[in-house]
Amino acid sequence: MAKAKNKIDVAPGSGNVFADLGLPNADKKQTKVRLAFALNQVIRQRHLSQAVAAKALNVNQPRISALANYQLEDFSVGRLMHFLNAAGPGYRDRHSQASLPQGQRESL
């Protein structure tokens, strides 16, 4: 018996999984995920507990838990940017820096 060959069509992604899935507000969703990822990296790199991170960002611990689990519906882009700025001096969102031409990037 010959094996049946299943052909799978593969389309290249756009770079935004939310847009690829046809979700509304895809750019906003991707921005929130990138900001949350950066914030979660800072929290992890500094070995902060959720309680300590919450105190530093002036929110309650369940908000940090939601952030850690990428439950971002209740966070605005502005609020996430505020949190990232509050993460401390010298930290910049590497995602936004990577999108700039080489001559315009700030040193991280």
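Let's start inside the fold, at Val42, a residue of helix H2, which spans residues 26–45; helices here are DSSP runs of H or I with at least four residues, strands are runs of E with at least two, and both are numbered from the N terminus. Val42 is buried, with a relative accessible area of 6%. Buried means under 20% relative accessible area, exposed means over 50%, and partly exposed lies in between, using a 1.4 Å probe and protein chains only. From Val42 you can look across to Ala53, eleven residues away along the chain, where the two C-alpha atoms are separated by 9.7 Å.

A word on what you are looking at: this is a predicted model, in which local features need pLDDT of at least 70 and side-chain atom pairs count only at pLDDT 80 or more, while totals for chains, interfaces and linings use all residues. Residues are numbered from 1 along each chain as its sequence is written, and side-chain values use heavy atoms, with hydrogens and water left out.

Now step back to the whole protein. Its secondary structure consists of six helices and zero strands, so from the N terminus the order of elements reads α-α-α-α-α-α. Of the 108 residues, 27% are buried. Contact, here and below, means heavy atoms within 4.5 Å. Among contacts with a separation of 6 or more, 49% are between residues 24 or more positions apart.

Phe37 is partly exposed, with a relative accessible area of 34%.

Helix H5 can be read in a similar way. Leu80, Phe83 and Leu84 are buried there. They cover an arc of only 100° around the axis, which puts them on the same side of H5. H2, H3 and H4 are included in what covers the buried residues of H5.

Next, look at the backbone in two loops. Most residues other than glycine have a negative phi. His47, in the loop between H2 and H3, has a positive phi of about 55° although it is not a glycine. His47 is exposed, with a relative accessible area of 71%. Tyr70 likewise is not a glycine and has a positive phi of about 55°; this residue follows H4, in the loop between H4 and H5. At 34% relative accessibility, Tyr70 counts as partly exposed.

Tyr70 also leads us to the second largest pocket, which it lines together with Phe18, Asn25, Lys28, Lys29, Lys32, Val33, Leu72 and Glu73. On a 1 Å grid over the protein atoms alone, a pocket is an open set of points with protein on both sides within 12 Å along at least five of seven lines, and lining residues have an atom within 4 Å of a point. The volume of this pocket is about 170 Å³, that is, the space filled by probe spheres set on the points, which are joined across faces, edges and corners. H2 contributes the largest share of the lining, four residues. By class, the lining has four nonpolar, one polar and four charged residues; Ala, Val, Leu, Ile, Met, Phe, Trp, Tyr, Cys and Pro count as nonpolar, Asp, Glu, Lys and Arg as charged, and the others, Gly among them, as polar.

Methods. On a 1 Å grid over the protein atoms alone, a cavity is a set of points where a 1.4 Å probe fits but cannot get out, and a pocket is an open set with protein on both sides within 12 Å along at least five of seven lines; lining residues have an atom within 4 Å of a point. The arc is that of the directions from the helix axis to the C-beta atoms.
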